Amino acid sequence: PPVRRRLGGAWGVGAVALAVVLGVAGDPAAAGLGASSASADVAATGQTTTVQVQVEGMRFTPDVIEVPAGNELVIELTNTGTDVHDLVLETGASSGRLSVGGTATVEVGVIGRDLEGWCSVAGHRQMGMTLDIVAVGAPPVASGDDGGTSATGDGAPAAGDHAAAGHGAPSGTGTPASDLLDLQADPGEDFEARDAALPPAPDATVHKVTFTVTEVQAEVAPGVTQERWTFNGTAPGPTLRGKVGDRFEITLVNDGTIGHSIDFHAGALAPDGPMRTIAAGESLTYNFTATRSGIWMYHCSTMPMSMHIANGMFGAVIIDPPNLTEVDREYVLVQSEAYLGEVGGPADAAKIAAEKPDLVLFNGYANQYDHDRLPARVGESVRVWVLDAGPSRGSAFHVVGGQFDTVYTEGAYTVGGPQDVGGDPTGGAQVLPLVAAQGGFVEMTFPEAGNYPFVSHAMVDAERGAHGFFEVTE
Ligand SMILES: [Cu+2]
């Protein structure tokens, strides 16, 4: 059986041999004590070991506690970190959520075997917030038998290991949301797709906007609800639009339960102050001038960023190129991945780390424009802005039955446009290629009435939600 890496070296080899010899005697589950017991079958000494544990960044310090087997362990935890944290043990003992500066005492009980603990705030365990309690002098037990310890031995649950990923989390129901996933299902009578139509930039040259962070329950596919972390209640957050030279004065208010922040790619500035993480209840101002055109991503930049973005904290700022031509219709689509955690819980950090999304979404909901098709008319010029918010995967935006006469990617026309790039008016394109965090737009004219699917032509993504329709009429 695999042995915990922390044992390592010669001790690890010895532990394997001993585990075989001791067999059932060393197995707390077999002894009827189960995963919730810290004591295994050790005799209590009547003594208590008290340990102060603090937080440094995304670490517990100390992160290994050695306790003489048979002693009671009491952990006095102080959150000396910069964000909300907690300590949950595999026995189920928990400190509860601690805000910055908060303290709690965790009575672990008599220590008869090694135990693992972690911070249950989404993504923190995967970033290394684990705590190992080593029972000194207890019979060694191989990790495969010690009840509740991850089989990978490094504190990170394997992808799809929902029980381990969600253990001790405050939200979520314990049921994997992916169990409910049915992409053929109808979203229901009252389903309303997010409006993909893009209004023109306002005349004002100063944009004063408040972004309020909330953690809400929202569907990402029919019948599949996740805890989404949002700017102003939706994922993606609001689309902002302006012109080169415009000033953006953003107030960020954190009405969530943990630390959050924001990073606007649309402005260049020193990130130190404006992109700092603020605790729940705090706010900050973030001012920038848009000096360059394009469709720019914004996102929460609090660690782990992959988790905060995967949970919905992203959106687009569109800065019109000065020579942008008039078109008949404009749409904006933001592509992102969903890594389903428990029903009602946040994303699954192990799936994020493995880049194994359950869904790829346009504007936050699987296949939503299959149900509410985007209208267009034959002969109209249609511009579609696309941002790939990731957090990790690219996009190959394509319209089935359509051809792009103009492509603009990351600040430059690559096909067509006012300068007729390449000097070949017959040139066309089939895909807008975007890696994570890139954006651009395409322009096209539909030749005849019909239903034109749009997809990410990375086919596995089209088949897990990155799909919609233009409904083109005469
Ligand atoms: Cu955040």
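**The copper site**

Guide: C300 counts as buried because its relative accessibility is 0%, where buried means under 20% relative accessible area, exposed over 50% and partly exposed in between, with a 1.4 Å probe and protein chains only. This is a predicted model, in which local features need pLDDT of at least 70 and side-chain atom pairs count only at pLDDT 80 or more, while totals for chains, interfaces and linings use all residues. Residues are numbered from 1 along each chain as its sequence is written, and side-chain values use heavy atoms, with hydrogens and water left out.

C300 gives its SG atom to the copper ion, which is also coordinated by H260 (ND1), H308 (ND1) and M313 (SD), at 2.0 to 2.6 Å. Donors here are N, O and S atoms within 2.8 Å of the metal (3.2 Å for Na, K and Ca), and as water is not among the atoms, sites may look incomplete. The 4 donor atoms subtend angles of 87 to 136 degrees at the copper ion, so the arrangement is irregular. Four donors count as tetrahedral if all angles lie between 85 and 135 degrees; four count as square planar and six as octahedral if opposite donors are over 155 degrees apart and all others between 65 and 115, and anything else is irregular.

Along the sequence, the donor residues follow the spacing H-x39-C-x7-H-x4-M. C300 sits in the loop between β15 (294-299) and α3 (305-310), whereas M313, 13 residues away, sits in the loop between α3 and β16 (314-320); helices (H or I, at least four residues) and strands (E, at least two) are DSSP runs, numbered from the N terminus. M313 is buried too, because its relative accessible area is 0%.

Cysteines can also pair with one another, but the count of disulfides here is 0, a disulfide being a pair of cysteine sulfur atoms within 2.5 Å.

Beyond the site, the largest nonpolar core has 60 residues, and I75, F211 and F264 have the most contacts inside it; such a core is a set of buried Ala, Val, Leu, Ile, Met, Phe, Trp, Tyr and Cys residues joined through side-chain atoms within 4.5 Å. Domain 1 (9-166) and domain 2 (206-473) both give residues to this core, so it lies between them, the bounds coming from an automatic or database domain assignment. Another core, of 30 residues, lies apart from it, and among its members are L333, F446, F454 and V472.
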